[in-house]
Amino acid sequence: MPNDIWVLTEHQDGRVRKITFELLSASTQFSKKTGGEVTAVLLGNGIQETAKILIPFADKILLMEDPALTVYTSDAYLPNIVSLIQEHKPSILLGGATSTGKDLFPRLAMHLQTGYVPDCTNLSVGEDGRLTALRPLYGGKVFAEMTFSDDRPQMATVRNNTFIVSQNLNKSAQVIAVPFQADRNLLKKKVLGIEKTGGTKLDISEADIVVAAGRGIKAPENFKILEELADVLNASVGTTRAVVDEGWRDQKDQIGKSGKNISAKLYMAFGISGAIHHVLGIGTCKTVVAVDIDPNALIFNYADYGIVGDLFQIVPALTEELKKVLKE
Amino acid sequence: MEIYVLVKQVPDPEATVKVKTDSELEIENKYFTNFFDEIAIEAALRLKEKFGGKVTVLTVDNRRVDALRRGVSMGADDAVQLTDPAIEGSDPFSIAKVLAAYLKDKAFDLILTGRQAMDDDAGIIGPAVAEWLGIPHVNAIIGLEVEDPTKEVRVIREVEGGKETLTCPLPALFTCQKGLYTPRIPQVMNVMKAMKAQIKKVDLSAIGLTPNDVGSHSAKIKLNKYFPPPKRPPVRMIKDDFPENVRTLVRLLREEAKVI
Amino acid sequence: MDKVDVIIVGGGLAGLSCAYELADSGMTILVLERGDFSGSKNVTGGRLYLRPLLNYLPDIWKDAPLERHVTKEILTFMGKENSTTFELYSNRFNQEPYPSYTILRAKFDRWFADLVSEKGIFVIPQKNVDDLIRDGEKIIGVRTDGEEIGADCVVAADGILSFMAEKAGLRKPFHPQHVALGFKEVIALDSKIIEDRFRLAGNEGAAQLFLGSLTKGVMGGGFLYTNQQSLSLGIVVGIHSLNQKEPRLEVYKFLDEFKERPEIKNLVKGGEVVEYSAHLITEGGIHTMPKLYADGMLVTGDAAGLGLNMLVTVRGMEYAMVSGVLAGRTIKIAKEKNDFSASTLSHYEKLLSESFILKEMNHFKYTPMVLNNERLFNQYPQAISDLFEKVMWVDEKPKEGIYKTKIKELKRQFFNLKTFKDWWQFRKI
């Protein structure tokens with residue numbers, strides 16, 4: 001339908017990622033202007049329960065179940081999404097700037113010969129249904145406002161925490177089962193397995209709260225005090241390139257230009273000097289706290305709150321204070 | 001193995017980039033080979049060292065070929081520059097079309113490139129070229145194991161919360177992420193050879209495209225305006241002594257920023 | 001081991017000038033520069049005096065990215081709360097060929113490196129030379145990042161702390177006395193504003209030197225040069241003199257406080273600091289120069305200690321460029337004889353002594369000693385301004401006769417034994 005907005009659902013192990021709820025909430029706001037419907041597209045296997053979670057957030061849920069869709073591969077997802085789009089002709093298709101989004105959307109856009117703007121930090125929709133997207137370039141040194149050609153759907157992937165999840169969308173989605181439409185002979189890739197790292201914590205690119213330490217942590221075992229702080233805040237632990245290059249933490253925890261961009265609500269940097277390649281990774285964090293022993297550390301130029309102090313003193317004290325305050 | 005590596009020259013991550021006008025940027029003249037593409041070149045060279053064959057570096061650029069020379073100095077055999085005035089103003093999809101048009105009649109086993117370019121940070125080229133060529137692709141790989149290049153290869157990619165291992169048949173395209181390999185530093189003698197190396201220039205007509213296929217009028221996404229990054233208000237330094245400063249911070253985060 | 005004809009270590013002015021001289025010789029020349037590009041690690045105040053260079057590098061100046069040609073020379077003596085400025089404007093300075101231009105090294109060196117590359121010379125950035133390779137006493141190559149490359153001649157053009165000269169055993173150990181530290185900011189400012197503030201027309205430029213309280217009694221001075229769209233503002237201090245101060249002064253504060261002086265504040269108002277850099281400057285003079293040649297090696301530029309404090313200016317860049325050219329000429333002769341021994345290469349030193357370089361270094365050989373006098377930086381600049389101030393001050397009291405005022409002040413500040421001695425020393429410069 002000409003003004004419909006579709007959101008590709010990101011899910012794992014029965015849990016729907018927060019970005020999907022953010023996009024469904026935003027899409028609801030957009031659809032108020034354009035008059036279309038909000039549809040969640042859900043591909044997977046054994047996802048009946050997952051679909052139920054989405055019901056309050058969309059007008060329609062297109063549910064496609066098949067063993068070939070158990071884990072995301074572009075081989076399996078792309079032809080199916082293409083046929084759905086060709087049948088229903090949505091105006092806009094949104095997804096998270098996740099490993100799936102970044103893998104699928106460019107290919108999908110190329111296939112459909114339509115426009116796609118990656119990694120957006122803001123979106124807006126006009127009454128005519130035209131999408132305008134804002135995204136960072138050069139690591140966040142400048143931002144570009146992009147518009148789309150007349151081709152449909154207009155596609156965008158969006159960063160975490162760009163939109164707020166609204167719990168009261170007053171929706172009750174109609175769940176529509178759709179058949180698997182891909183040629184199974186063309187499914188070339190096979191996922192052998194996923195090695196989970198990071199325990200129960202969210203990936204730093206997804207977490208609402210991230211605490212990180214740089215070289216100031218002095219030794220890998222000292223990360224323990226950060227883990228304890230992270231536990232109290234239900235946060236994930238990140239780090240800098242210097243620490244990863246030393247071999248103290250894994251690459252997946254690296255925040256910065258050659259690591260990950262994080263869009264946390266709260267980011268706390270301990271013993272991080274604030275070199276440009278790191279701070280470019282935190283530009284879209286809502287609140288930034290910096291603690292460093294050097295009053296001239298560059299990181300303070302990028303923070304909202306700063307403390308000049310010894311992280312080995314501050315972090316445990318912060319953990320204790322938070323335990324007290326959050327109990328109330 | 002016949003491997004192509006798609007490379008791009010981008011401003012140094014430390015170069016200053018400023019908004020000059022709504023549609024123009026002022027970029028410090030410090031251009032280097034895109035870091036992630038260097039990783040791709042390294043991956044290609046290691047496969048060549050293992051299985052023999054040829055590595056060609058390929059770029060779409062009307063001005064700079066230093067990234068190609070970098071590839072040659074690291075050990076690539078050939079360098080191709082796709083260049084044509086009509087390409088100016090192309091969006092990533094048109095660039096992908098140009099690359100795919102060049103590659104479609106080549107007998108390649110593997111195409112490698114970086115997971116994104118550090119200028120537009122888009123990550124579109126890799127998957128888009130793969131789609132145009134009709135070959136499978138995997139994004140942001142951090143592991144690559146090839147035992148028999150005529151069969152399928154094993155790749156590891158980063159996903160949220162873990163690492164995913166996949167098999168994928170060749171020919172395929174992979175985009176490379178930090179952690180896959182550390183790019184080798186070219187030796188002086190090889191840099192000298194690369195400085196003198198012949199670079200093949202190919203224009204649109206040689207690959208069966210017309211100016212209508214590329215450029216700003218065929219763009220699917222258009223720039224409306226540039227903005228400088230949103231300015232944060234100046235930092236609020238908490239000046240209390242320890243342990244009051246910690247208490248103040250928690251209070252501010254709770255009551256003022258409302259994030260905990 | 002792979003081999004080229006000449007390896008030049010360092011892609012600054014000395015190295016590139018040597019390469020330029022050798023460009024048409026048919027030899028394979030390699031310049032190894034440790035920075036990301038030539039100029040990225042080079043700093044000047046500064047200004048380039050062109051006329052000494054015209055005999056050695058006659059044809060590169062048409063397209064060279066030079067800033068403004070200097071027509072205004074300004075000298076400012078700073079007291080703590082006052083300053084006196086002498087300004088020279090000369091039509092003579094405004095006639096071509098202009099005697100000097102202000103320059104920015106990142107721009108100039110980079111352009112020069114491109115020019116040299118276009119002539120077929122291999123200028124390779126991001127390459128640090130770790131060591132020399134010898135065959136007995138003869139230097140036959142270099143090692144860089146583990147790679148060994150041979151050469152008939154290695155030219156040390158690697159700057160003031162020359163690792164190459166040290167490795168070759170040619171350099172004497174460093175004394176803080178021989179070295180000054182210069183640090184500067186490049187402040188972007190609209191060219192029209194620069195022209196208004198300094199009263200310049202078109203592409204004219206001003207060069208201003210400051211002596212006095214800005215260096216807090218440490219030997220040294222300040223400088224301000226007008227570029228096309230920016231100002232170069234900085235301070236030079238002698239390391240030895242700095243070390244003698246108790247308590248230890250924080251050098252980076254000097255520039256911040258200097259900028260707060262009303263004389264400076266109003267000149268740089270509205271400008272944006274776009275670059276901050278620092279560099280060591282060789283000031284030891286002719287006595288502290290290393291040996292300039294060895295079997296298979298020549299030493300040029302700052303690496304050869306070719307730099308001079310002439311009080312009204314600091315010289316280094318022209319010496320670097322000309323010494324590079326002379327090294328190139330020497331190498332051509334050696335190549336013809338196919339003899340790169342020390343005795344053949346010693347011709348380089350002969351060329352240097354016949355040129356203005358060593359002649360000037362000889363004329364000014366007592367400068368470091370004469371300048372090692374605190375009164376030059378504490379007392380005299382203050383005295384000059386105080387005298388002027390007293391002469392110009394009018395208040396409720398009946399003003400004294402001008403002559404009387406001057407004599408009183410001169411007696412107080414200048415007519416004493418110490419000053420006579422200082423004056424005597426000044427004859428040596």
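Axes here are lines fitted to C-alpha atoms, for helices over the stretch in contact, and angles run from 0 to 180 degrees between N-to-C directions. The model is predicted: local features need pLDDT of at least 70, side-chain atom pairs count only at pLDDT 80 or more, and totals for chains, interfaces and linings use all residues. Residues are numbered from 1 along each chain as its sequence is written, while chains are lettered from A and ligands numbered from 1 in the order in which they are written.

**Exercise 1. A helix pair**

Task: Work out how helix α1 (residues 13–21) of chain C and helix α2 (residues 105–118) of chain C pack.

Solution. 
- Step 1: Find the two elements; helices (H or I, at least four residues) and strands (E, at least two) are DSSP runs, numbered from the N terminus.
- Step 2: List the residues in contact (C-beta atoms, placed from the backbone, within 7 Å). α1(C) brings C:Leu13, C:Leu16, C:Ala19 and C:Tyr20, and α2(C) brings C:Asp109, C:Phe112, C:Ala113 and C:Val116.
- Step 3: Sort them by class: seven are nonpolar, none polar and one charged. Ala, Val, Leu, Ile, Met, Phe, Trp, Tyr, Cys and Pro count as nonpolar, Asp, Glu, Lys and Arg as charged, and the others, Gly among them, as polar.

**Exercise 2. A sheet in chain C**

Task: Trace the open sheet of four strands in chain C and find its edges.

Solution. 
- Step 1: Read the order, β1-β11-β10-β9, with mixed pairing. Two strands pair if DSSP finds at least two bridges between them.
- Step 2: Pick the strands that pair on one side only, namely β1 (2–3) and β9 (129–135) of chain C.
- Step 3: Look inside the sheet, where β10 (residues 138–144) and β11 (residues 147–150) of chain C pair in the antiparallel sense over four bridges. Here C:Thr144 stands opposite C:Glu147 in β11(C).

**Exercise 3. Domains**

Task: Describe how chains B and C are divided, and how far apart their domain centres lie.

Solution. 
- Step 1: Take the bounds, which come from an automatic or database domain assignment.
- Step 2: For chain B, these give domain 1 (2–218) and domain 2 (230–260), with 45 Å between their centres, taken over C-alpha atoms.
- Step 3: For chain C, they give domain 1 (2–66 + 103–171 + 290–354), domain 2 (177–282) and domain 3 (369–426). The centres of domain 2 and domain 3 of chain C are 25 Å apart, over C-alpha atoms.
- Step 4: Check the touching faces: seven residues of domain 2 of chain C are in contact with seven of domain 3 of chain C. The domain 2 side has three nonpolar, four polar and no charged residues.

**Exercise 4. Chains A and B**

Task: Which of the two pairs of chains that touch has the most contacts?

Solution. 
- Step 1: Chains A and B have the most, with 70 residues of chain B in contact with 75 residues of chain A.
- Step 2: Chain B's side holds 42 nonpolar, 10 polar and 18 charged residues.
- Step 3: Strand β10 (residues 142–148) of chain A pairs with strand β14 (residues 221–227) of chain B in the antiparallel sense over six bridges. A:Ala144 stands opposite B:Tyr226 in β14(B).
- Step 4: Chains A and C do not touch, and their nearest C-alpha atoms are 13 Å apart.
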